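Welcome! Please take a moment to look over the sequence and the 3D view before reading on.

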Amino acid sequence: RGVESHGMMCSEREMELSEEHDGIIELPSGDVGQRFTDWLAQNDPAKVDPVIEIAITPNRPDALGVRGIARDLAARGLGKLKPLKKNDIEGRFPCPIAVTIDEDTLGAGGCHVFAGRLIRDVRNRPSPQWLQDRLRAIGLRPISALVDITNFFTHDRNRPLHVFDAGKVTGALRVHRAPAGETLEGLDEKSYRLSDGQVVISDDQGIESIGGIMGGLATGCTLDTQDVFLEAAFWDPVQIAMTGRALKINSDARYRNERGIDPAYNMQAIEDATAMILDLCGGEPSSVVTAGRAPDVSRAYKLDPRRVVSLVGMEIPESEQRQTLTALGFRMEGDMAQVPSWRPDVLGEADLVE
């Protein structure tokens, strides 16, 4: 209206501090015009959390997880990358939910591998405070332990996962191409009409999820969930991009799957997520069931130390070049650099220089 604004009055929910939304935040002290962050630091320092916002270019999907960013920082000498514990959870009974991928959907253009396991007798409840705090720090609303665990892996490891309420799944889970006209009500409570050939996951009752993009509301986990089916898959990135664009779905899962996640981590992700579910929710795990297999993305390129000068005009000693690549996860074998599975952007000798 032509009147200069000096701020606005907000509830705690609008500030993403809590779910409180009965009215504006009333401060017991402080001066009008004082910066709220300064006031918060003085009066409630536990709620002050530094945020580093990073713009990720499309060719660096490995940096869409906190660990990928930490790896780059450690390679630059800023801190030390902590080793991850590799969990190996023994199944205590055969998984009662079988998984399959249709022949015309298996591999390039569809789904390479679909794996999962049942965890029965879980207690889905609010996440512990440390997990809620981490999710809120990046603007996510904690929902329940099972859902929060999948969100943790999405943002910490760049590894989208999905959990089905196994009590709502009928029969086996099948990855296939949808016929035109089928619909699904997503977890966002919106209805999506599918086009012919889009890749979906169905049980014996019908479509339950849009593969790699959006789960279905009908089999979504709630606080009443007792048995959960944990799923990890590697989808064709181009197919994900085309389906997501056509359906106008911008989910965190789509964002990562279409840019490229680590195919070699697929099976280990099942074990690591299972360990967290057992820790936070209890339960008893089944054996892992798998359809298809992760693609082999192993490749190597020659490192020519002299090309650094000719390509980017920098003088970097050969020993430092090799040390940097090793710190980033490359394996040096003579003058050949084996590319780590989480770096789909490295496709030639010039990329090693970069």
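## A strand on the inside

Keep in mind that this is a predicted model.

In β7, both faces are covered. Val199, Ile201 and Asp203 are buried on one side, while Val200 and Ser202 are buried on the other.

## Partners of the strand

Which strands pair with β7? One is β4, spanning residues 173–177, which pairs with β7 in the antiparallel sense over four bridges. Within this pairing you can look for Val175, whose bridge partner in β7 is Ile201.

Another is β8, made of residues 206–210, and it too pairs with β7 in the antiparallel sense over four bridges. Here Asp203 stands opposite Gly206 in β8. To follow the chain from β7 to β8, look for the hairpin that joins them through two residues.

## A helix residue in contact

Now turn to helix α5, residues 237–247, where you will find Gln239. Is Gln239 buried or exposed? Its relative accessibility is 7%, and because buried means under 20%, Gln239 counts as buried.

Leaving aside neighbours within four places in sequence, Gln239 is in contact with Gly109, Gly110 and Val199. Val199 brings us back to β7, where it is one of the buried residues.

Note on methods:
Residues are numbered from 1 along each chain as its sequence is written. This is a predicted model: local features need pLDDT of at least 70, side-chain atom pairs count only at pLDDT 80 or more; totals for chains, interfaces and linings use all residues. Side-chain values use heavy atoms; hydrogens and water are left out. Buried means under 20% relative accessible area, exposed over 50%, partly exposed in between (1.4 Å probe, protein chains only). Contact means heavy atoms within 4.5 Å. Two strands pair if DSSP finds at least two bridges between them.
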